[in-house]
Amino acid sequence: MGLQAYLILAAVVFGIGLFGVVTRRNTIGILLGIELMLNAVNINLVAFARFSGSEVGMVFTVFAICITVAEAAMGLAIVILLFRVRRTVMADHLDLLKG
Amino acid sequence: MDSGLLTLVALLAPVAAFLVLAIVAPLRRAGRPGAYFSILGATVSLGAAVAAWRGYDGAITRMVWDWLPSEGRPLATIGVLADETSTVMLVLVALVAFLVQVYSLSYLSDEPPQGLGRYYTYQSLFAFSMMGLVLAPNLLQLFICWELVGLCSYLLIGYWYQKPEAARAAVKAFWTTKAGDVGLLIGIVMLWKLAGTFDLGELRAMATGNELPLAGLSIITFCIYLGAMGKSAQFPLHVWLPDAMEGPTPVSALIHAATMVTAGVYLLHRTSWLFALTPDVLLIIAWIGAFTALLAAVLACVQDDIKRVLAYSTVSQLGYMMAAIGAGFSTAGFFHLLTHGLFKALLFLGAGAVIHAVGSNDLSRMGGLARRMPQTAIVFIIGTLSLAGIPLFAGFLSKEEILGSVWAGGLVGPFLLLMLVAFLTAFYMFRVVFLAFFGTAPAAAGHHESAHHGAHEHDPPMPMLLPLWILALLSLAVGVYSTFIGPGLVALPEGAAEHTAPGWLTPAAVGVAIAGITLAWLTYQRRTINAASLASMFGPIRHAALAKFWIDDLFERVLAAGTLAFSSLVGWVDRYIVDGVLNVVSVWTVTTGDEMRTIQTGRAQDYVYGLAVGLLLLLVWARWSLT
Amino acid sequence: MPETIAFWSLAVVLVGSALAVVLSKNLFHSVLWLALALTGTAGVFLLLEAEFLAAVQLLLYAGGIVTIVVFAIVVTERLVGERITQTSRRITAGAVMALALIALVVNAISRQPLPTAREPLTTDLTRTIGESVLTRFVLPFELLGVLMLAAMLGAVYFARPED
């Protein structure tokens with residue numbers, strides 16, 4: 001399959017992930033959507049790296065995965081803290097920034 | 001000294017007196033010393049004016065100083081212009097001003113010193129303004145002095161400003177003449193735009209040399225006439241003059257008989273070469289003049305206030321002068337101006353003596369005064385005969401000249417009106433004479449004032465009597481001179497039209513006057529004709545005349561309605577448009593702000609959504625505009 | 001040919017499980033579907049002959065992240081009882097927007113001339129990656145370690161018991 005197919009696949013997964021981020025009410029659900037988006041990006045990177053003959057993209061992917069892990073840990077820690085403070089994980093209820 | 005310099009001295013003497021009195025407050029507040037100072041200025045002025053007139057050798061003298069600079073030549077100059085017209089007019093103004101100031105010493109002797117000082121300050125200022133107008137070498141200085149004269153008239157009419165009628169009359173005079181002055185200013189500026197100069201000499205050369213374009217000149221002359229209409233009390237701007245009688249009688253004698261009201265006539269005579277180019281405007285002037293004369297004469301017949309009779313008489317005579325100007329013979333009008341100045345001032349001062357003696361203006365309170373005030377009676381009758389136009393008295397030849405010029409100008413309608421007016425003039429003036437000086441004194445009938453007044457009914461003291469006699473003798477002198485020799489006073493300026501009166505004119509005019517006198521005698525002296533039945537014969541006219549033909553009411557209604565309508569319009573615009581715009585803007589801002597605020601939900605998810613939409617738009621734009 | 005079949009089936013698995021992640025009403029089910037999606041991604045990596053990455057993906061993502069998410073869910077105690085609809089009000093708008101985005105990107109991709117065949121690998125990819133990480137990218141590698149440490153400390157601090 002050509003590069004195009006992989007890129008389109010990544011785009012589709014990215015779109016689905018974005019949909020999840022925007023629509024989910026549960027904070028953890030939002031985080032899952034973010035994970036999907038990051039995943040799609042990784043597919044993109046690896047595909048480009050493979051079809052261009054350079055391994056830099058893959059190194060980049062390794063780094064991206066590691067950073068994602070760190071980010072997920074942080075995000076979930078914040079969710080737990082938020083739950084402790086506000087007794088809710090519904091994103092709807094977190095509207096302190098309301099204008 | 002040459003005439004120019006003398007006229008300059010005559011002009012500067014009163015303004016020096018004014019400045020001193022205005023600045024040096026103690027002198028002014030002292031009263032009589034201030035009065036003497038002002039009279040001193042008036043004397044110097046009179047002497048210089050007479051010297052200038054007699055010494056005038058036919059050479060027109062101008063002394064001007066540059067005033068408003070402009071590129072090339074100055075925009076305006078100030079100074080004096082001495083020619084035949086201005087020197088003789090100057091003498092009239094200086095003479096009457098001087099006599100009135102002397103007269104006022106005694107007439108206003110009961111006034112508090114500060115009031116007296118204020119009065120003489122205004123008198124000096126007025127004398128200066130009027131002389132500045134007379135001697136003006138260009139239209140700009142003329143207009144400035146014109147306005148100054150109007151100001152002084154306001155100040156002097158409203159001299160007893162604590163009286164509400166006097167204050168109102170002063171304001172009315174000011175506003176009515178101001179309406180005319182607007183026209184004058186517009187006319188002057190338009191003329192400058194057309195001709196490029198304000199200077200009278202240059203304009204005259206252009207007019208007679210056919211260098212002025214005729215298109216639009218009628219509007220200019222009409223606008224200038226509007227100014228004369230206001231100052232010289234032509235219909236419909238005549239309404240201020242009768243009310244102006246609220247001022248002291250010497251003021252009426254000076255301003256509303258001899259000088260200020262004649263400024264309009266003087267202006268038209270000065271610019272007669274301009275008006276000669278627009279005969280249609282002249283026709284209007286003649287008709288309005290004749291109509292004013294008739295209107296005022298009718299109104300004078302029904303007045304019971306002696307000063308009002310004289311006021312309407314002045315309006316009527318001004319109409320005469322305007323009619324002559326309209327016929328194209330402005331010299332006749334000017335000649336009548338001079339003689340009228342003499343005898344009308346005399347009449348006013350005489351009336352002042354009567355009022356001072358009786359304590360009231362009302363004719364019904366007077367009667368049989370000839371016995372107790374013989375000298376006053378004599379001078380008053382001299383004045384009345386002059387006004388009626390009887391030979392040997394001052395008004396005879398000048399009135400004849402006017403009638404003759406109106407006839408020679410081919411204006412039959414105005415001529416007939418003026419003949420009728422001559423009849424009425426004689427009638428109403430002699431009505432006054434018979435009612436006031438002859439007949440019996442009014443019944444005391446328990447009026448507690450009459451005994452008090454009986455003590456006053458004698459000839460006035462010397463400061464009042466002397467001017468009366470001077471004016472009376474001058475009237476006689478001018479009358480005799482003009483009857484036998486001719487209008488020597490007024491040398492015809494070059495190029496002025498001449499006319500010969502038809503032979504039947506003099507007998508007709510004199511006859512009409514005598515008829516009027518006879519009617520008055522029969523009605524008021526011999527009581528052959530009942531005054532009441534005579535009045536009822538003219539029932540509706542008399543009724544309308546008593547209401548001043550509702551002209552005043554009409555003005556008031558229109559002005560009040562107009563001002564109210566305009567101000568409510570302005571108020572509406574202010575509330576709904578000016579404020580409305582602001583209010584709408586503010587309401588929109590607030591509403592928009594409230595609605596936009598709902599975007600800020602505070603939820604991060606919605607902001608991500610916003611981000612995503614923005615990104616989408618950016619991509620769309622990148623895809624379709626950058627490719 | 002086998003590659004095409006493999007690709008398409010992996011694509012179906014990946015996209016299907018991704019949809020399930022975002023549409024599922026039960027949060028725990030979402031997590032499980034995510035695990036499947038991550039595994040699918042590992043498969044894609046295998047297709048692209050990046051074995052090392054596939055291993056890393058499985059270890060870290062499918063293993064690690066799914067675990068912590070499950071733990072987080074347990075801690076927040078909203079595991080069961082989530083029968084109520086989870087998705088919020090913006091379903092249609094979100095869907096439209098996501099579809100539009102996908103369409104745009106796909107459109108942009110299709111217009112580009114992209115290579116359709118890949119060159120055969122000459123070197124061992126894992127070895128190359130390892131060498132790059134430790135020579136050319138050693139600095140980011142070390143910094144990554146620091147980042148990990150910081151994240152770990154932060155997470156421990158945030159999630160500490162209340163006292």
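Predicted model: local features only at pLDDT ≥ 70, side-chain atom pairs only at ≥ 80, totals over all residues.

Modeller: Happy to! Let's start with the interface of chain C and chain A, where 86 residues of chain C are in contact with 65 residues of chain A. Together these two chains bury about 6,800 Å², and 78% of that area lies on carbon and sulfur atoms. Three residues, C:Leu48, C:Tyr61 and C:Phe158, account for 10% of what chain C buries against chain A, more than any other three residues.

Now to the charged and polar pairs. The rule finds one salt bridge across the interface of chain C and chain A. In a salt bridge, the side chain of A:Arg50 meets that of C:Glu49, with 2.7 Å from N to O. Polar contacts between chain C and chain A come to ten residue pairs, counting those with both residues at pLDDT 80 or more.

Which elements of chain C give two or more residues to the side that touches chain A? They are helix H1 (2-23), helix H2 (27-47), helix H3 (51-76), helix H4 (91-111), helix H5 (125-135) and helix H6 (138-158) of chain C. H3(C) gives the most, with 13 residues. Sorted by class, this side of chain C holds 59 nonpolar, 16 polar and eleven charged residues.

The area buried between chain A and chain B is about 900 Å², with 59% of it on carbon and sulfur atoms. The count of salt bridges between chain A and chain B is zero, while three residue pairs are in polar contact, both residues being at pLDDT 80 or more.

Finally, a look inside chain B. Helix H1 (residues 3-23) and helix H3 (residues 32-54) of chain B pack at an angle of about 170°, and their axes are 7 Å apart. That angle makes H1(B) roughly antiparallel to H3(B). Among the residues that meet are B:Leu6, B:Val9 and B:Ala13 in H1(B), and B:Phe37, B:Gly41 and B:Val44 in H3(B). By class, the contact of H1(B) with H3(B) has 14 nonpolar, six polar and no charged residues.

Methods:
Residues numbered from 1 in each chain as written. Chains lettered and ligands numbered in written order. Heavy atoms only, no water. Buried area = accessible area lost by both parts, 1.4 Å probe. Salt bridge = Lys/Arg side-chain N within 4 Å of Asp/Glu carboxyl O. Polar contact = N/O pair within 3.5 Å; in protein donor to acceptor, adjacent residues only side chain to side chain. Contact = heavy atoms within 4.5 Å. Helix = DSSP H or I, 4+ residues; strand = E, 2+ residues; numbered from the N terminus. Nonpolar A, V, L, I, M, F, W, Y, C, P; charged D, E, K, R; others polar. Axes fitted to C-alpha atoms, helices over the stretch in contact; angles between N-to-C directions. Parallel < 35°, antiparallel > 145°, perpendicular 65-115°, else oblique.
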